[in-house]
Amino acid sequence: MLTGANINQTAGKVIANNFGMRAVTGINVNSATNDVTLLAANNSGAGTIVYQDANALTVGTVTASGNFTPTTVGVTSRGLAGDNITITTGGLLTVNNNIDATNAGTTLNTVGLTNNATIRGLDGIIGVSVNAGTGTLTNNSLITNNSTASPIKLLADDMDLVGGGGTITAGSGLVTLSSSTLGQSINIGAGATALGLSQNEINTVHTTGQLTIGGSTHTGTITVDGNANINNATAQTFLIQNQGGIVVNAQLTANAVGGPTINMDTPGSITGNPVSGLITADSYTIIQSGGIGSVAAPLKTNVNKLTA
């Protein structure tokens, strides 16, 4: 589809192997019944790009043909404030070419996501927001806010952030890693089960701001199940936050003087393993807790500054 104005779906559905769209004033093809295999779209003027698909979808390249020219690669907006990109799928979203809203926001709601290209958004509120649902979020390439303060929020019940060398670059922006299902357990360090975030996966995050694991509405238990070291290259503040309690069964370390601060925030209890659990940091803050340690499960720390 090619137009000097906008593309707007008001009824019916699109069924195609390859679906390319080029518009000037916005694209809204938002029926939940659309069923496309491969999508490419570009909007060159002011306006958003919104696309919804019933099943799995690949963002790729649609070659020029007839009046449809030039070849369209990935999904890109004009990239100024408000030119947001929103893609919703009922299955796996595979990103083989860039999804780039530049100075606007990128929102992806899927059932699993495999990123083999660049996903970028710089909107100050949206930034990059990915909800991969009950599927797996695999990052083989780059998710970025272009070194700004825009947030990057990644939700999925399973993640593979190392993939084929993936990285998350967030400038000074807030990075949030959490599950889509609020009650899903999260494991940090070994990351063996549930939503597992291994040391290598944590190392793919780069922000001079804060890395949050969980969130204020997350209800599952968050457990440090293997040794994890939070260094300055990852974040300056490391927050574990939930409603369901925090368990420190291994070593959680951020021990460089002036290095990352470790914060914990839960109305549940914060407990530890008396043998293997230890928090080592220059600064450790318990923002709130329904209880700290117990006789059987004491919370052990080795910190210079403790606030609770």
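Author: What follows is a set of questions about a predicted model, each answered by setting a value against its criterion.

Reader: Why is Asn-187 called buried?

Author: Asn-187, which lies in strand β23 (residues 186-189), has a relative accessible area of 8%, and because buried means under 20%, the label applies to Asn-187.

Reader: What makes the link between the side chains of Asn-187 and Thr-193 a polar contact?

Author: The side chains of Asn-187 and Thr-193 are joined at 2.8 Å, and the criterion asks for a pair of N or O atoms within 3.5 Å, one able to donate a hydrogen and the other to accept it. Thr-193 is also one of the residues in contact with Asn-187 once neighbours within four places in sequence are left aside, and the others are Ala-194, Leu-195, Gly-196, Leu-197, Thr-223 and Asp-225.

Reader: What makes Thr-102 partly exposed?

Author: With 22% relative accessibility, Thr-102 is partly exposed, because buried would require a value under 20%. Thr-102 lies in the loop between β12 (99-100) and β13 (106-109), and its phi, near 50°, is likewise positive.

Reader: How do you know that the peptide bond from Thr-69 to Pro-70 is cis?

Author: The omega of that bond is near 0°, and the bond from Thr-69 to Pro-70 is accordingly cis. Pro-70 is found in the loop between β7 (61-62) and β8 (72-73). Most peptide bonds are trans.

Reader: Why does the radius of gyration of the protein chain agree with that of a compact globule?

Author: For 308 residues the globule rule gives a radius near 19 Å, and because the protein chain has 21 Å, the two are taken to agree. Along its principal axes, the C-alpha trace spans about 75 × 35 × 30 Å. Of the 308 residues, 53% count as buried, and the secondary structure comes to one helix and 36 strands.

Terms used: Residues numbered from 1 in each chain as written. Predicted model: local features only at pLDDT ≥ 70, side-chain atom pairs only at ≥ 80, totals over all residues. Heavy atoms only, no water. Helix = DSSP H or I, 4+ residues; strand = E, 2+ residues; numbered from the N terminus. Buried < 20%, exposed > 50% of the residue type's maximum accessible area, 1.4 Å probe, protein only. Contact = heavy atoms within 4.5 Å. Rg over C-alpha atoms; globule rule 2.2 N^0.38 Å.
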